[in-house]
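Student: I would like to learn how to read helices and sheets in a model like this one. Could we go through it feature by feature?

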Amino acid sequence: MPNLVNLESVSIGFGGPKPVLDGVSLGVDTGDRIGVVGRNGGGKSTLVSVLGGVLTPDSGRRSPVGGLRMALVGQQTRLSGETVREAVLGGSVPDHEWAADPRSRAVVEGLRPGGNRGLDAPVDGLSGGERQRIALCAALVQDLDLLVLDEPTNHLDVEGVGWLAEHLLARRTALVVVTHDRWFLDTVASRTWEVVDGHVEQYEGGYGDWIFARAERARLADAAEQRRRNLARKELAWLRRGPQARTSKPRYRVEAAEALIADVPEPRDTVELVTMAKHRLGRTVVELEDATLRVGDRTLVDRQTWRIAPGERVGIVGINGSGKTTLLRAVGGERPLDGGTRVQGTTVRLAHLSQDLADLPLHRRVLQAVEDIAERVTIGKYEQTASQLAERFGFPASRQWTPVSELSGGERRRLQLVRLLMTEPNVLLLDEPTNDLDVDTLQQLEDLLDGWPGTLVVVSHDRYVTERVCDRVVALFGDGRITDLPGGIEEYLRRRAALEGRSEGLPRSAGGSQGVPRSATPAEPGRSEADRRAARKEVARIERRLERLATEETRLHEQLAAAATEPDRLLALDAELRALVSEREQLEEAWLENAVD
């Protein structure tokens with residue numbers, strides 16, 4: 001059976017010196033769930049736009065199967081219809097009609113297009129995030145063969161991301177999704193495409209499998225590079241033995257040595273975020289006393305006292321529209337309280353990263369936009385110019401004179417972070433800091449926040465970020481209180497499930513063993529004692545086998561490392577490792593099924 005859609009030797013360049021996609025050939029088969037990752041501006045959105053038929057490549061061709069039913073939800077989507085109902089359901093469909101269709105009902109109830117305003121809310125005047133959510137709903141209510149999504153989690157809260165993952169796993173539609181959300185990627189994807197240097201590298205499994213494979217690829221590349229450098233040193237030593245006039249070295253040996261030196265690859269541009277908060281905080285950071293916040297006739301926070309201590313790291317969670325951004329703006333002093341008082345310490349140097357990129361000077365160039373904040377900054381013992389710092393944040397000299405208006409969304413977000421951190425704050429307020437950032441940048445951002453010496457307050461739907469960099473989580477449940485959650489995100493999801501009156505559950509990973517863990521299935525009340533004894537024996541047998549497999553897996557990894565220069569042996573060992581991992585996953589499933597109290 002042919003693939004649903006194929007790309008054959010596709011290249012597209014937009015007139016730049018290097019093509020964004022260079023001779024890419026790949027296909028999407030029935031049942032595929034593919035996550036697309038890569039650097040900002042590296043071609044991820046271009047790839048899915050070509051795949052979806054929105055962009056025409058400069059060369060090569062796109063070949064869809066006849067009668068393909070496909071929907072593409074990009075980051076810029078036009079809505080058809082004057083109301084949310086018309087945009088999602090395709091017309092003025094009465095409630096009883098769409099509610100009778102299980103798919104439509106599940107999507108409308110799960111994503112709540114229109115929010116509190118309902119399906120009859122006008123489309124005009126909606127925010128970009130709301131419009132994106134409606135476009136996602138309009139695609140999901142359809143019966144499709146292929147669904148292509150570009151950053152679908154950007155405007156969803158933690159609960160919405162979980163619902164979307166569960167929904168996509170439950171339907172048979174083939175999926176290609178560009179996402180920076182690593183939990184979502186690891187949960188949904190069974191394959192991963194990495195767009196790098198105009199090409200697409202393909203991997204089996206989700207985020208965890210991709211990270212492992214990329215680390216192994218980097219290890220092999222480092223080994224090859226080390227051998228290359230050793231050869232270069234030997235060649236150089238040979239060339240330097242005695243004056244040129246006393247030797248009869250053939251010219252090709254000189255040229256070979258020069259080529260080895262000249263061909264050493266430039267280091268990859270990395271976004272290295274450096275801690276700049278060097279101003280000490282006093283005892284008081286920000287305190288909200290008996291604070292009330294209202295939007296229209298809704299009370300978001302009702303007479304709450306919240307004190308943020310020096311060095312505290314707090315994550316704020318809640319459904320869309322619960323007031324997270326409003327609370328963050330109130331903490332930053334940008335939004336006045338509707339009741340109560342706000343106190344800020346005299347030593348506080350506060351910086352707020354908002355979701356809005358409007359604060360960037362679009363008429364300026366990258367370097368000018370950084371120099372507008374400061375021309376020089378001291379990092380540790382060293383002083384750096386704005387140009388040097390911009391380069392450390394992933395803007396090489398060739399990009400520093402690019403107009404800000406021509407930067408991609410992720411590059412603008414990165415520039416926003418550079419400008420923010422150049423003010424040398426000691427209190428950071430971050431509103432959805434992960435939006436539009438690629439995985440590499442996210443890892444660097446987490447490294448920065450993980451060691452941030454100041455105070456941190458984060459609003460994010462990215463569970464990886466919240467759980468890694470925050471020591472405390474608070475939630476807005478719509479009851480006017482700021483609720484402390486000792487159990488973090490998991491406690492939040494449990495409470496939300498209880499409020500909604502539904503059973504709690506997390507979607508099972510479609511990728512490798514790095515997916516969302518599931519708790520062991522409790523013993524059924526009607527199970528006989530004999531069945532329970534048999535189950536315990538089976539569990540013991542499985543655990544013994546898992547221990548042996550763990551030892552065997554360690555041995556295989558050691559052999560893979562030793563066989564780095566033997567391609568045939570690497571392939572054989574890799575096949576053996578895949579078989580072992582498959583057996584281990586089956587045993588883990590069997591363990592879960594047989595586990596008893």
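Tutor: Let us begin with a helix, where helices (H or I, at least four residues) and strands (E, at least two) are DSSP runs numbered from the N terminus. The expected span of a helix is 1.5 Å times one less than its number of residues, so the 13 residues of α13 should span 18 Å, and the end C-alpha atoms of α13, 19 Å apart, agree with that. The model is predicted, so local features need pLDDT of at least 70 and side-chain atom pairs count only at pLDDT 80 or more, while totals for chains, interfaces and linings use all residues. Residues are numbered from 1 along each chain as its sequence is written, and side-chain values use heavy atoms, with hydrogens and water left out.

Student: How many of the residues of α13 are buried?

Tutor: Buried means under 20% relative accessible area, exposed over 50%, and partly exposed in between, with a 1.4 Å probe and protein chains only. By that criterion eleven of the 13 residues of α13 are buried, and the helix is mostly covered; among them are G410, E411, R413 and L421.

Student: What lies 3.3 Å from a polar atom of the R412 side chain?

Tutor: A polar contact is a pair of N or O atoms within 3.5 Å; within protein, one must be able to donate a hydrogen and the other to accept it, and residues adjacent in sequence count only if both atoms are side-chain atoms. For R412, which lies in helix α13 (residues 409–421), the atom at 3.3 Å is the backbone oxygen of L407.

Student: How should I read a sheet, and in which order do the six strands of the open sheet run?

Tutor: Strands of a sheet pair through backbone hydrogen bonds, either parallel or antiparallel. Here two strands pair if DSSP finds at least two bridges between them, and the order is β14-β17-β18-β12-β19-β20, with mixed pairing. Because β14 (350–353) and β20 (483–485) stand at the edges with a single partner strand each, one side of each is left without a neighbour in the sheet. Within this sheet, β17 (residues 427–431) and β18 (residues 455–459) pair in the parallel sense over five bridges, with V427 opposite T455.

Student: Which residues of strand β5 are on the covered face, and which on the uncovered one?

Tutor: In a regular strand the side chains alternate between the two faces of the sheet. In β5 (residues 70–73), A71 and V73 form the covered face, whereas M70 and L72 form the uncovered one. Strand β5 pairs with β6 (residues 146–150) in the parallel sense over four bridges, and A71 stands opposite L147 there.
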